[in-house]
Amino acid sequence: MNKTIISCAITGAIHTPTMSDALPVHPEQIAEQAIDAARAGATILHLHARHPDTGAPSVDPEHFMAFLPRIKAETDAIINISTGGSIMMSIDERLAPADTMSPEMCSMNMGSLNFSIHPLADRYDTYKFDWEEKYIRSTEASIFRNTFADIKLVAKTMGAEKHGVKFEHECYDVGHLYNLAHCMKQRMFEQPIFLQFVMGILGGISADIDNLEFMKKTADKLFGDNYQWSVIGAGGAQMKMATAAAAMGGHVRVGLEDSLFIERGQLATSNAQQVIKIKGLLEAQGNTVASPDEARAMLGLKGIDKVNY
Ligand code: KMH
Ligand code: ZN
């Protein structure tokens, strides 16, 4: 049985500073939480940046460079840079950090969808920063755009010809697996591909075990056995979906990007706390966590010596 890769998504662009004091926003906080998550057992660190003064999502390469060299110096974790940025940004803006830093991995969103957090706005009476409420409410009318042309651009910019980056193919619904199968026919990506089933986002497939089995069966039908897969259960579904995925032979993603909680109604104190919890759950059910070098071999990564940070 394959070892289990734990990805940890440290800060993302979904949650805002008001929602949790634990959400890292300053470069030092992002670096510290990423390093602690890696020491706790995270194999891959999925990273976004934030504006240091406001905590707003940022794709400024300088904001990434304020934490990436430190993470590289203090861990051997695989760095996966987001090309999702935030849903308000253009694809060119979203590509800038990965194109500049040439990491071992980057995300690749496999289709357009409504991607909404607007119901969260009514939970808060006051906000730490002016931008937050407007940002959260505006998602009611937003589309996370990832057309076939956008996918082709990310593939061309980050793929074999230029950076040789391996993609985390974020699939928010069954149709996104078919989008990927279409792209595979065009020879856009090299095997083994790494699928991330994103479950529980408002606008995508919901996070339950029937849907997980359906995603997995569909992936088997489309990609045979030459792929690796992982699951994000957004929000309260995080640990349940991760343990189910690992029991089925998949990998897992945790982190404050996708869930602020450690258990129902209780905010997590850090990313590392979630990593420690999932590692314990996985080991209790007989899974062994993959080291970064084991994951590099499983996913066919170019290596830490070929990044640009
Ligand atoms: N937060 C995930 C649901 C990306 O960075 O490209 C989606 C994500 C997208 O991680
Ligand atoms: Zn992300």
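This is a quick walk through the two ligand sites in the structure above.

Okay, so first thing: what we have here is a predicted model. Let me start with ligand 1. There are 14 residues around ligand 1, and the ones that come nearest are S82, S107, N109, E257 and D258. Sort that shell by class and you get four nonpolar, six polar and four charged residues.

Now, the polar contacts. On the oxygen side, an oxygen atom of ligand 1 sits 2.8 Å from an N or O atom in the N109 side chain. There's also an oxygen atom of the ligand 3.1 Å from a polar atom of G84, and that one is in the backbone. On the nitrogen side, a nitrogen atom of ligand 1 has a polar side-chain atom of E257 at 2.6 Å. And how much of the ligand does the protein bury? Taken alone, ligand 1 exposes 300 Å², and 97% of that is buried by the protein. The space ligand 1 takes up is the largest cavity, by the way.

Keep E257 in mind, and let's go to the zinc ion, ligand 2. Its protein donors are H46 through NE2, H48 through NE2, and E257 through OE, at 2.0 to 2.1 Å. Along the chain, the donor spacing reads H-x1-H-x208-E.

Note on methods. Residues numbered from 1 in each chain as written. Chains lettered and ligands numbered in written order. Predicted model: local features only at pLDDT ≥ 70, side-chain atom pairs only at ≥ 80, totals over all residues. Heavy atoms only, no water. Near = heavy atom within 4 Å. Polar contact = N/O pair within 3.5 Å; in protein donor to acceptor, adjacent residues only side chain to side chain. Areas by Shrake-Rupley, 256 points an atom, 1.4 Å probe, with all protein chains shown as cover. 1 Å grid on protein atoms, 1.4 Å probe; cavity = no way out; pocket = protein on both sides within 12 Å on 5 of 7 lines; lining within 4 Å. Sits in = over half its atoms within 2 Å of the grid points. Nonpolar A, V, L, I, M, F, W, Y, C, P; charged D, E, K, R; others polar. Donors = N, O, S within 2.8 Å, 3.2 Å for Na, K, Ca; no water.
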